[in-house]
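Reader: I would like to see how the labels used for a protein structure are decided. Please show me one and take me through them.

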Amino acid sequence: TKDEYDTGIGKLRFFDGLPDEATIQKVYDNLDRSRAMHAFLDMIPLASVEAMRAGFVEIGCDACHKVILFGDLVDSHSLFLTGNTDTVYVASILNLGEDGPTVIEVPGGAGPGTVNDA
């Protein structure tokens, strides 16, 4: 084992194959930073869904029997990452903890649909 390694987090130093105290601290600091970054990145979708839920409540879609039906097709001005320009969108937020088990009925011929359990 070499006594010193240049890494992306700085120099790591060893004596007889064992890391010195500064190296140990540097490696643990890097692990903490890495785990914090992963926690932040993992929660971005949750923050997005919560912002969507709050927006729905703000415009009156605040119960399981209320939905948002888009009056127009989406276009380049809509706030959708990958919205389809030929799809009529309807959306709602269900709170099974508040409403209990919920049945969703989609009329026959209504076309393909997606239920997202985000």
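Author: What follows is a set of questions about labels, each answered with a value and a cut-off.
This is a predicted model, in which local features need pLDDT of at least 70, side-chain atom pairs count only at pLDDT 80 or more, and totals for chains, interfaces and linings use all residues. Residues are numbered from 1 along each chain as its sequence is written, and side-chain values use heavy atoms, with hydrogens and water left out.

Reader: How many aromatic pairs does a search of the whole structure find?
Author: The search finds two. Rings of Phe, Tyr and Trp (its six-membered ring) pair if their centres lie within 6.5 Å; planes under 30 degrees apart count as stacked, over 60 as edge-to-face and the rest as tilted.

Reader: Why is the pair of Tyr-5 and Phe-14 called edge-to-face?
Author: The ring centres of Tyr-5 and Phe-14 are 5.7 Å apart and the planes are at 85°, so the pair is edge-to-face. The rings of Phe-70 and Tyr-89 get the edge-to-face label too, because their centres are 6.0 Å apart and their planes are at 65°.

Reader: Where in the chain are Phe-70 and Tyr-89?
Author: Both Phe-70 and Tyr-89 are in the loop between strand S4 (68–69) and strand S5 (90–91), 19 residues apart, and the pair links distant parts of the chain. Helices (H or I, at least four residues) and strands (E, at least two) are DSSP runs, numbered from the N terminus.

Reader: What makes Phe-70 partly exposed?
Author: Buried means under 20% relative accessible area, exposed over 50%, and partly exposed in between (1.4 Å probe, protein chains only). Phe-70 has 28% relative accessibility, so Phe-70 counts as partly exposed. Tyr-5, at 30%, is partly exposed as well.

Reader: Which label does Leu-69 get, buried or exposed?
Author: Leu-69 has a relative accessible area of 61%, so Leu-69 is exposed. This residue is found in strand S4. The C-alpha atoms of Leu-69 and Val-90 are separated by 4.4 Å, although the two residues are 21 residues apart along the chain.

Reader: How many salt bridges are there?
Author: The count comes to five. A salt bridge is a side-chain nitrogen of Lys or Arg within 4 Å of a carboxyl oxygen of Asp or Glu.

Reader: What makes Arg-13 and Glu-4 a salt bridge?
Author: The closest N and O atoms of Arg-13 and Glu-4 are 3.1 Å apart, and the limit is 4 Å. Arg-13 is partly exposed at 37%, and Glu-4 is partly exposed at 35%.

Reader: What is the N to O distance for Asp-6 and Lys-11, and for Lys-66 and Asp-62?
Author: Asp-6 and Lys-11 meet at 2.7 Å, and Lys-66 and Asp-62 meet at 2.8 Å. Each of these is a salt bridge. Salt bridges that share partners join Glu-4, Asp-6, Lys-11 and Arg-13 into one network.

Reader: Which residues line the second largest pocket?
Author: Cys-61 and Cys-64 are among them, as are Asp-62, Arg-53 and Phe-56. On a 1 Å grid over the protein atoms alone, a pocket is an open set of points where a 1.4 Å probe fits, with protein on both sides within 12 Å along at least five of seven lines; lining residues have an atom within 4 Å of a point.

Reader: What does H1 give to the lining of the second largest pocket?
Author: H1 gives the largest share, three residues. The elements that give two or more residues to this lining are helix H1 (21–58) and helix H2 (96–99).
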